[in-house]
Amino acid sequence: MPRYSLAAIILHWAIAALLAFQISVGWALEDLGARGFALYQLHKSVGIAILALTLLRIVIRYWKPRPAKLEGGWQGALASTVHGGLYAFMLGAPLTGWALVSTAKVKVPTLIFGIIPLPHLPLPASAHGLAEGGHGLIAWMGIALVLLHVAGALRHHVLMRDGLIWRMIPNRSTALLIGLPALILLGFALGRVILPVAAPVETAPAEQLEAPEPVAPEASTNATEPDNSTVANETVAQVEEPIGPPPAWTVQPGGKIGFAVGNDGQTISGSFAKWTAAIVMDPDHPETADIRVSIDMASASVGDAYQDGMLPGDEFFAVAAHPTATFTAKGAEKTGPNAYRASGRLSLKGVSKPQTIRFTLSGDGATRKVTGTATIARAAFDVGNGDSSGSLAPNVAVTFAFTAKRKP
């Protein structure tokens, strides 16, 4: 029985194994978050490899003679349709993935297998949703086509016994008949094995939860913020001297610290999940304030695995060398009804700069709700110093909101 060329056979099984790997990994990527960044890079590299091998296979398909079809009628038409769909899948999946990366808000550099840089496609950011939806749809259609293709091959080999499958085996060897299809299972299994171990779900104790919520740290504002101290001083009411030490406050679960930065007409928003704070302040005597907040920079997230994977790197937070950022302030001043400003220092990425936070208090007694804003000049802390940050706005807006209870 005539066979496909050796080159076509090698490409067939190599692409099949790589596709099995991609499908295995692709199912899990969305749930990995930042832990899956390295795997995302590998996923992209393998995808481009599949694209290149498929193009090569198309060239060989028309260069080397192919065995004639063994079956006509609707069965033959269905087989031809499945084959055509598989080629569309092998081309469309990597192309839509490439488009997805190229239209992301933050341009994540791609090095094919860590060596060859992959340029971004010249596509508008508005095409991102279409690329993302198309990539997922093509992947599921591809899985269906692969299953049909395998079912067809088994039908010919087991039921019809016409020897069709031997056309894609270099020689009539039982070992190769078993070994080559086993490569597909191996590719799928390898994709599962290299997945990062699931992160344990941590249930923080009450005291730990209280500390991480203090938003005061993020509220730090840019040192270049206009000084409104003159206006503020005019509004500060003269009150009696404080009696006794100022109260300490415990931040309650449920608070949030958020940050946002402009990016070429759009906005990238994120937050820090882990931080601790020690807050002492008498709202009637803000000059007694003593605030210290520590932020786990590795907990930063913008809700996208590609971008989250970049944040710990040297271009942004350099977490390996500077895992924690701190904000400290001694004293605050009243700037209006229930409005305050605290000037202190923010230490981030090995740089310490004067910073200011603005916040308001609502409620009275032992429970207060706090909301605030700040602006941080990222360049002052060398945050966003690479090619992928070129379209980011110079200032990062910070917002925070939490509830604090006075310690007895």
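## Basis of the model

Helices (H or I, at least four residues) and strands (E, at least two) are DSSP runs, numbered from the N terminus. This is a predicted model: local features need pLDDT of at least 70, side-chain atom pairs count only at pLDDT 80 or more, and totals for chains, interfaces and linings use all residues. Residues are numbered from 1 along each chain as its sequence is written, and side-chain values use heavy atoms, with hydrogens and water left out.

## Helix α4

Helix α4 covers residues 128–160. Its 33 residues should span 48 Å at 1.5 Å a residue, and the end C-alpha atoms are 46 Å apart, which agrees. The expected span is 1.5 Å times one less than the number of residues.

Ala 131, Gly 134, Gly 142, Ile 143, Leu 145 and His 156 are buried in α4. Buried means under 20% relative accessible area, exposed over 50%, partly exposed in between (1.4 Å probe, protein chains only). The cover over these buried residues includes α1 (6–29) and α3 (73–102). After α4 comes Arg 161, with a positive phi near 50 degrees.

## Strand β3 and its partners

Strands pair if DSSP finds at least two bridges between them. β3 (residues 248–251) runs antiparallel to β6 (residues 275–282), joined by two bridges. Ala 248 has Val 280 as its bridge partner in β6. β3 also runs antiparallel to β14 (residues 395–406), through three bridges. There, Thr 250 stands opposite Lys 405.

## Nonpolar cores

A nonpolar core is a set of buried Ala, Val, Leu, Ile, Met, Phe, Trp, Tyr and Cys residues joined through side-chain atoms within 4.5 Å. The largest has 68 residues, of which Met 297, Phe 317 and Phe 359 touch the most other members. α3 gives the most to this core, with seven residues. Apart from it lies another core of eight residues, including Trp 13 and Ile 165.

## Salt bridges

A salt bridge is a side-chain nitrogen of Lys or Arg within 4 Å of a carboxyl oxygen of Asp or Glu. The whole structure holds three. Asp 290 pairs with Lys 330, with the closest N and O atoms 2.8 Å apart. Asp 290 lies in β7 (residues 285–296) and Lys 330 in β9 (residues 324–330), so the pair ties together parts 40 residues apart in sequence. Asp 290 is partly exposed at 30%; Lys 330 is exposed at 68%.

Glu 333 and Arg 341 meet at 2.9 Å, N to O. Glu 333 is partly exposed at 22%, whereas Arg 341 is buried at 5%. In the bridge between Lys 349 and Asp 382, the closest N and O atoms are 3.8 Å apart.

Technical notes. Contact = heavy atoms within 4.5 Å.
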